[in-house]
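I set out to record what I looked up, entry by entry.

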Amino acid sequence: MQRGRYREEEIIFLKQNAQKYGFLYCAEQLKREPKGILAKCNRLGLKVKQRNEDLSTAPKFYSDYKPLTLNFNETECPKELAYFLGYFWADGYVSKRGQISLEITEEDGNIIDSILSKIASFEKYKRHCNNRKPQICFGFGSQENANMLRILGKYPNSVESHKKILTFIPKEYHLYFLRGLFDGDGSLCFNKSSTYFSISGNYEQDWDYLCTILQEYGLYCRTEQRIYNSGSRGSEIRNTNSLELYNFFKRLYANNDGIYLPRKYEKVQYLFY
């Protein structure tokens with residue numbers, strides 16, 4: 001059953017059909033709870049009955065809307081879902097009202113839009129802030145999904161281990177979570193004397209389980225906490241071993257399927273040439 005805010009196409013369907021065919025029929029078409037449909041009709045000022053006995057001319061509701069399905073047994077795009085969760089763990093937010101939001105630069109958002117659109121019909125908002133690149137926010141309203149993400153360890157200022165989310169994601173899709181996490185919070189830098197990889201997070205972030213998963217890929221990271229001149233605090237995991245990084249990224253992008261940010265992928269290519 002669908003939950004959350006009614007989309008414009010649903011409201012139009014109710015206005016055109018609820019009084020004529022009944023709220024039970026509309027509930028079946030919109031895949032929503034009948035009591036919710038009835039309440040919405042009342043708010044719209046529609047006087048409705050349960051059902052019209054003659055439904056021979058009743059229209060069907062067609063929509064290309066995709067609900068966000070946080071279930072790897074049901075989703076048709078498990079790779080993209082795991083990638084989204086990794087990116088969401090880096091830059092996502094769950095509001096108290098059940099809004100799921102992923103806010104990133106507009107430039108990056110325009111690129112990964114084709115990936116995210118495979119798993120859900122996200123609402124998109126653009127924001128322009130002083131001293132920041134233009135931002136785009138991918139939003140989805142669902143209290144059920146919001147509750148699940150909180151249970152899995154995603155909430156404001158979370159420092160919880162990655163164990164719950166990585167246990168939730170089937171092992172075969174872990175690399176896509178890692179790609180998303182790298183695209184959101186990861187960094188790969190080169191200079192004359194060294195190469196280093198890092199993923200950043202909150203000051204008290206528990207990195208232990210993520211480090212254990214990365215060790216399975218042959219990447220051994222150390223944890224560092226930092227207090228910056230501005231007074232802000234943070235932590236990161238870091239690796240400076242060029243051979244380990246080469247082998248790690250070779251595995252991470254072994255399947256060149258386009259589920260990544262090209263600018264990050266292109267930077268990784270410097271390790272191979």
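The entries below follow that order.

**Basis.** I worked from a predicted model, in which local features need pLDDT of at least 70 and side-chain atom pairs count only at pLDDT 80 or more, while totals for chains, interfaces and linings use all residues. Residues are numbered from 1 along each chain as its sequence is written, and side-chain values use heavy atoms, with hydrogens and water left out.

**Cysteines.** I looked for disulfides (pairs of cysteine sulfur atoms within 2.5 Å) and found 0. For Cys-189, the closest cysteine sulfur belongs to Cys-221 and is 14 Å away, so the two are too far apart for a bond. I then checked accessibility, where buried means under 20% relative accessible area, exposed over 50%, and partly exposed in between (1.4 Å probe, protein chains only). Cys-189 is partly exposed at 22%, whereas Cys-137 is buried at 11%.

**Gln-269.** I located Gln-269 in the segment after helix H11 (262-268); helices are DSSP runs of H or I, at least four residues, numbered from the N terminus. Gln-269 has a relative accessibility of 17% and therefore counts as buried. A polar atom of its side chain lies 3.1 Å from the backbone oxygen of Tyr-265.

**Cores.** A nonpolar core is a set of buried Ala, Val, Leu, Ile, Met, Phe, Trp, Tyr and Cys residues joined through side-chain atoms within 4.5 Å. The largest has 62 residues, and Phe-84, Leu-85 and Phe-249 touch the most other members. Helix H4 (residues 78-91) gives the most to this core, with 9 residues. I noted a separate core of 16 residues, including Tyr-6 and Ala-58.

Terms used: Helices (H or I, at least four residues) and strands (E, at least two) are DSSP runs, numbered from the N terminus. A polar contact is a pair of N or O atoms within 3.5 Å; within protein, one must be able to donate a hydrogen and the other to accept it, and residues adjacent in sequence count only if both atoms are side-chain atoms.
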